[in-house]
Amino acid sequence: MSPTAVASSSHLPESAYDPRRHVGVHAELVSDVASTDYPGHYPGEDHTWNLRQFNEARRLCVLLVSFRKTEGSVQKLQVKVHRLSQRSIEFDMVGVDASVANAFRRILIAEVPTIAIEHVYVWNNTSVVHDEVLAHRIGLVPLNVDPDLQEFRTTTGYHSTPNDRNTVVFKLNVVCERNTKAAKGGPNQYINEYVKSGDLVWEPQGEQRSIFEVDPAPTNKEIVLAKLRPGQEVEMELHAIKGVGKEHAKWSPVATASYRLHPLIVLNPAKPISRHLAHQFAGCFSPGVVKVSSEGEISIDERNMRKDSVSREVLRHSEFDGCVELKRIRDWFIFNIESEGPYTPERLFPESIKVMRSKIASIRKAAEALLAGTDEEAASADGDVEMGAA
Amino acid sequence: MIMKNPKVEFCGYSGYRHLLFYLARRSVPHPSENHINIRIQMYDNLSSLDCLLTALSNLDDLCLSIGEAYKTSLTQDEYEKWDEKS
């Protein structure tokens, strides 16, 4: 399935201008926020969920821009990656409901597991930073350990005690001394003035040396944890375990994960902008969104519309009243995920899908047990079904 | 574990051919606890448990489709690759 370049890729698809998909942005309010494509809202139209229609555009071609939307049918799904770097990814998701997009965003922030330091055993801490404050700072240091290689700690069973499959051990040992070779009052007075995250040293336990391809270490070695002066020392043993962001933000794998709706700027053909105001009009939007030709003709650059920040500046000026409508497309989500820690940014979204599917599976199992229970009348007195420990 | 799809009306993502949902409502007793109460009411004496199961399987298919579309786009699309200094 090779992507075929489509000539009209400089324009948004026609379905983007369907008014049913628009959220109106006005000076002091936002209108039409709720989605309306469910059965019953439009009489005579069929909006029931249809997987085949949902997938159709996907199978044809991912770069395909102008797909047909039949009256009252399910909007086609389209996922397109726009930018990728070593630390962040920006991609579009079109055709899903806001609740689903929000679910993925929340899972990315709170439920994709990571490994971070949780237990700090202090042998010696004569620095000015208190034990608990230093331990808190150390816990927030992101590590590059792949969470798939470790197990969660549990309350019972094999993983209720620390072992080489659920704990990664680091040692931190920094002593500050005076630099006898430096001139008095000059730079470099002290050796080991800063306790940095790079001072964390991995101690392989058990079979860990063969499991990890890359030595576990903090992703950024320049994070300052404490400052020392001569005679002060920090010596501690650190245990890192697997957890999720829901429990503590240190286990969140993303710097942040957010989405915004694709903006839409619609010019009113009945009220064109006068030539001498063209540049002022263009200045009301983010650079590159509005093109002014040499004669002063205004046009909106459709592919650059996504860069607009929808600041509604144009609504502040009375000379542009009625000339333009600001909208957003309700089911076009522009995700921006910044990764922090072990996952490469392109791997984060599939991880969140995996977590979502495991939640669905666990609920489905309980619902099916309930169904089987009612069939055989073997349910407990009030019809409750115990869901297993999540 | 909470199902992370708090859709007040299920109708968008599941539903039989002829509009057989009446009402679905959900509420979270307390945000710190992992509990959701869902109420589903059906027309025509249909089984609401079946409806819940269908809804869950549709949601699963949805996640699969999104995952595949994402993977396809990642491997086949041309997108801007840039170097971000940290």
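# A predicted model with chains A and B

Residues are numbered from 1 along each chain as its sequence is written, chains are lettered from A and ligands numbered from 1 in the order in which they are written, and side-chain values use heavy atoms, with hydrogens and water left out.

**The two chains.** Chain A holds six helices and 16 strands; these are DSSP runs numbered from the N terminus, with helices (H or I) of at least four residues and strands (E) of at least two. Chain B has one helix and three strands, and read from its N terminus these elements follow the order β-β-α-β. Of the 390 residues in chain A, 45% count as buried, and in chain B buried residues make up 43% of 86. Here, buried means a relative accessible area under 20%, exposed means over 50%, and partly exposed covers what is in between, with a 1.4 Å probe and protein chains only. In chain B, 35% of the contacts between residues at least 6 apart in sequence join residues at least 24 apart.

**Confidence in chain A.** The predictor's confidence in each residue is the pLDDT, given from 0 to 100. Chain A averages 82, and 85% of its residues score at least 70. Confidence in this chain is lowest in helix 1 (residues 51–60) of chain A, with a mean of 60, and highest in helix 3 (residues 131–139) of chain A, with 95. Over residues 1–8 of chain A the pLDDT is below 50, and this stretch has 15 contacts in the model beyond near neighbours in sequence. Residues 57–73 of chain A also have a pLDDT below 50, and that stretch makes 50 contacts beyond near neighbours in sequence.

**Domains in chain A.** The domain assignment gives domain 1 (16–57 + 75–112 + 253–271 + 322–372) and domain 2 (114–251), with bounds that come from an automatic or database assignment. Although the C-alpha centres of domain 1 of chain A and domain 2 of chain A are 38 Å apart, eleven residues of domain 1 are in contact with 14 residues of domain 2. A UniProt record, an unreviewed entry, lists residues 88–366 of chain A under "domain: DNA-directed RNA polymerase RpoA/D/Rpb3-type"; UniProt positions are given in the numbering used here, feature names are shortened, and annotations may be inferred rather than shown by experiment. The end C-alpha atoms of this span lie 37 Å apart, and the span is 19% helix and 32% strand.

| Residue | Relative accessible area | Class |
|---|---|---|
| Glu111(A) | 8% | buried |
| Asn192(A) | 40% | partly exposed |
| Arg312(A) | 34% | partly exposed |
| Arg316(A) | 66% | exposed |
| Asp131(A) | 36% | partly exposed |

Glu111(A) is found in the loop between helix 2 (98–110) and strand 5 (114–125) of chain A, and its side chain is joined to that of Lys359(A) by a polar contact of 3.0 Å. Such a contact is a pair of N or O atoms within 3.5 Å, and within protein one must be able to donate a hydrogen and the other to accept it, while residues adjacent in sequence count only if both atoms are side-chain atoms.

Most residues other than glycine have a negative phi. Asn192(A), however, has a positive phi of about 60 degrees, and this residue is in the loop between strand 8 (190–191) and strand 9 (194–196) of chain A. Arg312(A) also has a positive phi, near 60 degrees, and lies in the loop between strand 15 and strand 16 of chain A.

Arg316(A) is placed in the loop between strand 15 (298–300) and strand 16 (324–339) of chain A; its C-alpha atom is separated by 9.4 Å from that of Cys284(A), 32 residues apart along the chain. Asp131(A) lies in helix 3 of chain A and, leaving aside its neighbours within four places in sequence, is in contact with Val122(A) and Asn125(A). From C-alpha to C-alpha, Asp131(A) and Val234(A) are 9.7 Å apart in space, while being 103 residues apart in sequence.

Key:
This is a predicted model: local features need pLDDT of at least 70, side-chain atom pairs count only at pLDDT 80 or more; totals for chains, interfaces and linings use all residues. Contact means heavy atoms within 4.5 Å.
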